[in-house]
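Dear colleague,

Please find the structure below, handed over for your records. My notes on its salt bridges follow.

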Amino acid sequence: APTQAVYPKESESYSDFLSELAEWPARISLIQDHFYRKLSAPRSKEEAERNLQIHEHCYQDFKLQVEIIDLQLETMGAAAPAAPEGFPFSGQEFNNTNQYQSNKIREAKERKGRLLSSLRFHNNARAIFWFSIINWPE
């Protein structure tokens, strides 16, 4: 028996994309249609409420992680410091320490950027499920 080809979402037809969007009870006009493809449409109002709670918990967790990174960055300083007068290490030892701190700051900022992207995703998902709940057909 011949096997039916399975296509990734990127290569599906536009009509398939529209039928996926039609599974949502309501859509927020400010959120682009392609974002809905990242989520599964809820089959019931209860499932939408459960998904809202899941994304709320994720949102709060990512928000706390961003706050922790902000504190770490504050502790490390906004930029690597210049060698203070009378610094006990030689110039090269200070440069190594300074480079290490600069790398840690860069890594923390990169982590913060990834967390903010995730925070935005979960914020949009919360909004989508909330909107689905309040517009659920009776």
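In these notes, a residue is buried at under 20% relative accessible area, exposed at over 50%, and partly exposed in between (1.4 Å probe, protein chains only). The model is a predicted one: local features need pLDDT of at least 70, side-chain atom pairs count only at pLDDT 80 or more, and totals for chains, interfaces and linings use all residues. Residues are numbered from 1 along each chain as its sequence is written, and side-chain values use heavy atoms, with hydrogens and water left out.

A salt bridge is taken as a side-chain nitrogen of Lys or Arg within 4 Å of a carboxyl oxygen of Asp or Glu. Under this rule, there are 7 salt bridges. Helices are DSSP runs (H or I, at least four residues), numbered from the N terminus.

One of the salt bridges joins Glu20 and Arg37, whose closest N and O atoms are 3.1 Å apart. Glu20 belongs to helix H1 (residues 14-22), while Arg37 sits 17 residues away in the loop between helix H2 (33-36) and helix H3 (45-76). Both residues, Glu20 and Arg37, are buried.

A salt bridge is also formed by Glu47 and Arg43, at 3.8 Å from N to O. Here Glu47 is buried, at 13% relative accessibility, whereas Arg43 is exposed, at 73%.

Lys112 and Asp70 form a further salt bridge, at 2.5 Å from N to O. Lys112 is in helix H4 (residues 91-134) and Asp70 in helix H3, so this pair ties together parts 42 residues apart in sequence. Lys112 is partly exposed, at 23% relative accessible area, and Asp70 is partly exposed, at 32%.

With kind regards

Key: Helices (H or I, at least four residues) and strands (E, at least two) are DSSP runs, numbered from the N terminus.
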